[in-house]
Structures are given as structure tokens and as C-alpha cells.
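Q: Can you walk me through this one? I'd like to start with charge pairs and then move on to the sheet.

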Amino acid sequence: MDYNEAELLAVLLSREVRDGEISACGALSQIPAAGLLLAQALHAPNAELIILNSVFNPFHTSKPFHFLAQRGELGLFFASGIQIDRHGNYNLHQLSPDREKPIARFPGGYGGGLIYYCARRTVVFRTEHTRRSLVEKVDYISAAGSSPPDVLRLGNPSKAITPKANFRFEKDEGLLRLDTIHPPWTLDDIQANTGFDLGLNGPVKATPAPTSEELHTLRQVIRRKMIDSGTYAEWARKSLAGV
Amino acid sequence: MGVPYVPIIGLVGTDILKRRDDMVIAVDPFDGKTKSVVAKALRPDVAVFHAQMADRQGNVSCGYHAEVVMLAEASRHVIVTAERIVDRLTEKEATGAFIPSIHVDSVAHAPFGAHPAGCQGVYSPDKIHMRQYVIASQDDTSFSEYLRTYVHDVRDHDDYVERFVPLDWRQPAQAVVG
């Protein structure tokens, strides 16, 4: 492999962005920020980007952003969770088998639980693919993957992306299913490191590796753009510089 | 907004809803079938927040487009502490959000009133203090100790600033008396 994990994830996320749509990520989202900018530079020149806490954000507060999402204008949102489960729920609140006695608490918040219903597609990503991050059931549901049919919902999860694999969300079943595996990982690796049933119903393809064009643009153009615009500049300097 | 409740999209199926009795799932009164969450309006008795600038009439400049404007509108009483007090502040001079005095009951001059958090455009968060706070909040004993040191045993705001705001920060904040 001649790319690091951050670069791989940024490339994989960038491929989810569609031209002409509004795509966004929240606070503390270095990798999605890079992915959004990469997509705009490569295949989505007319994508509108909203990167919170950066110059790539037309809004000063979260209110107009939430209202935009509620109007159904947000095409894609990148979310992350400390845990993700097979039902597409993610947890940004707390870790503990006993809900009243959390062993760790996280920022949580309402935003994710709202945006998950509003963005037409949400891609949940996680920088760790282990049995403690991909679990059968999250300790706390911050955002719900599925909802009853009579509940107002504008959009759904579309994928979960980790450094080892892509999962697609099957809306009808309300389940994540293994979609593709990033080389050089194997099905055994995925099975050993995933805490839920992979929902296999046939052979699983390999994820197309980052192309030299994607990596070149990420390292030369996007890294520079992030540094110059003060968008996670330190992170970009360190992480988008190859192996 | 002044309305008793608002519908919101999302949250159904989360554990957040289980802990809130001010949010319920309700049926759309127009189509009679679609469900969504309805949140009861917040109507705080008192709101207290810190601003960059305020004047003697109670006009406030928050220095950024802050959600505190909504907070001020929603609350029955509003108390504002400010880095600077000026003689007269108009909406034009406000940098960012402006809260007209009609919403504000009291203003107090409190330089470094946001410490250890930051005050945008004036000072950044005190990272060293924040780290202490995070460590202290991991158990009840150390948090009580934190409260004793930084809250209960502090005589007043001046005493707090004198003892806990880094010395090299204290240059810019001064009341402009007109």
C-alpha cells in the first residue's frame, strides 16, 4: 500500500459525493472535509460543500444549516460514531453496558439524530474497524438507522465506511451488509474484526484502490488548499503526505 | 418564537427521546397520519451569558452570530456580563449578533467573564485550565476540590481574575467609560 489510512478514507468518502448536490460534514471532521474537497476537485465540480468550522461554510450558526437539512436540501452528510451497529444506529454519547453508569462520555448532541433523518444520504464512517467499534447493538442510540414507515423521514443511511471495508445499508431490511473489502484485507480479517453478522449473500468484491489521480490530487491540491484555508491545516500537513 | 411547541424531524428511535419528557411523538394534524417529534418550547426564567460588548442601556453585541439571541428572546429575565461597557451601542456598531436592550434586564462589567472558556475575538480558551477541569471532572472528589478552589473559595470576580486568569492575558480588557 502506498497510501495511509487517512488518505484511503478520504478517497473512499469522496466517491460518495455527487455532482450538483449539497454535501456536508460536522465539527471535528478532518477526513470528510478532505473527502468533500477532493470530490469537488475531481468528479463533482458543481457540488456545494458545507464544512463546519471552516471557510467552506456559508452559515454562522447551526440554525440555518439545520433548517436547510429539514427542507430536504442536503444531499449527503458524513457522520461518525464511537460505535456503529448492524442496524445502522450510531452512538456518539456514552460507553457502558449499564446506561446509568457510563465509563466514558462523548459530546453526543442532537444534531446527528436530526440530520440522520434529513440528509437524503448519510455515510457513517469510523477510523477503527474492530469488534468494539462495530457492534451488534450500540450502548446508546444517538441516531437511529431505521424508523417506522409512518414517521416523517426525508433520508436514510447509505453506507458505513471503515479502514477495512464498505458496508451498504439495506433500507428495506434496516441492516448493514458487507459491500466491498479494501485490499489487502480479506473476508477473514473482516469477520474477525466485526462484532455483527456481515449479512453475506454471495461473494464480496474488493474495493477499487485509490487511483494515482485521486492520491495525487489529495496530496498536491487538497493538502495545499486545507493548509492555505486553515481547514484542519495541521492535520492535512501531517496526514495527507503519503506513507 | 413564542409558540408552545415545534415539530422537528428526527430523533424517533434514539435513546435521547427516552430521557426527555418535553419531547413526544405526535401525529401531523393536517394529514392525520405522519408522525414526528414535537418539542415543548423552552421558556427559561433567567438567562445569563457573556458578551463582548454592552452599553448602559442594555444593548448587547455578542461579537458573532450567536444562538444567544434566541436565548435572550425566550427568557423572562436576561443578565449579561460583558468584556467592555460602552456608552452607546447601536446595531451598526455591533460585530455579529446584536441584542436590543428590550430583551435585557441587567448588564455587568466582567472582563474575562468567559474564562476558562474563550470569548471570540478577545481571547481563546485557557487550554491549561480546561485540561485541569477535564481531569477534575472525572470523579466527585476531585470535582468538589475543583469547585472549592475556583468557585466557593473565590471572593468575587476580581479575585478570580487576579488569581486564575493568566497574567499576560490581562492587557486588552478595560472598560471604556464615556
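A: A salt bridge here is a side-chain nitrogen of Lys or Arg within 4 Å of a carboxyl oxygen of Asp or Glu. Arg132(A) and Glu128(A) form one, with their closest N and O atoms 2.7 Å apart. This is a predicted model, where local features need pLDDT of at least 70, side-chain atom pairs count only at pLDDT 80 or more, and totals for chains, interfaces and linings use all residues. Side-chain values use heavy atoms, without hydrogens and water, residues are numbered from 1 along each chain as its sequence is written, and chains are lettered from A.

Q: Is Arg132(A) buried or exposed? And Glu128(A), buried or exposed?

A: Arg132(A) is exposed at 61% relative accessible area, while Glu128(A) is buried at 19%. Buried means under 20%, exposed over 50%, and partly exposed in between, with a 1.4 Å probe and protein chains only.

Q: How many salt bridges over all chains?

A: The search of the whole structure gives 24. Among them, Arg15(A) meets Glu214(A) at 2.8 Å, N to O. Arg15(A) sits in the loop between helix 1 and strand 1 of chain A and Glu214(A) in helix 6 (residues 212–228) of chain A, so this pair ties together parts 199 residues apart in sequence.

Q: Changing topic: what is the strand order of the open sheet in chain A?

A: The eight strands run 2-1-3-8-10-11-12-13, with mixed pairing. Strand 2 (48–51) and strand 13 (205–206) of chain A are the edges, each with a single partner strand, so one side of each has no neighbour in the sheet. Helices (H or I, at least four residues) and strands (E, at least two) are DSSP runs numbered from the N terminus, and two strands pair if DSSP finds at least two bridges between them.

Q: In which sense do strand 12 and strand 13 of chain A pair?

A: Strand 12 (residues 175–181) and strand 13 of chain A pair in the parallel sense, over two bridges. Lys205(A), in strand 13, is the bridge partner of Thr180(A).

Q: Which strands does helix 2 of chain A lie across?

A: Helix 2 (residues 30–42) lies across strand 1 (22–25), strand 2, strand 3 and strand 8 of chain A, at about 165° to strand 2. Axes are lines fitted to C-alpha atoms, for helices over the stretch in contact, with angles from 0 to 180 degrees between N-to-C directions; contact means heavy atoms within 4.5 Å.
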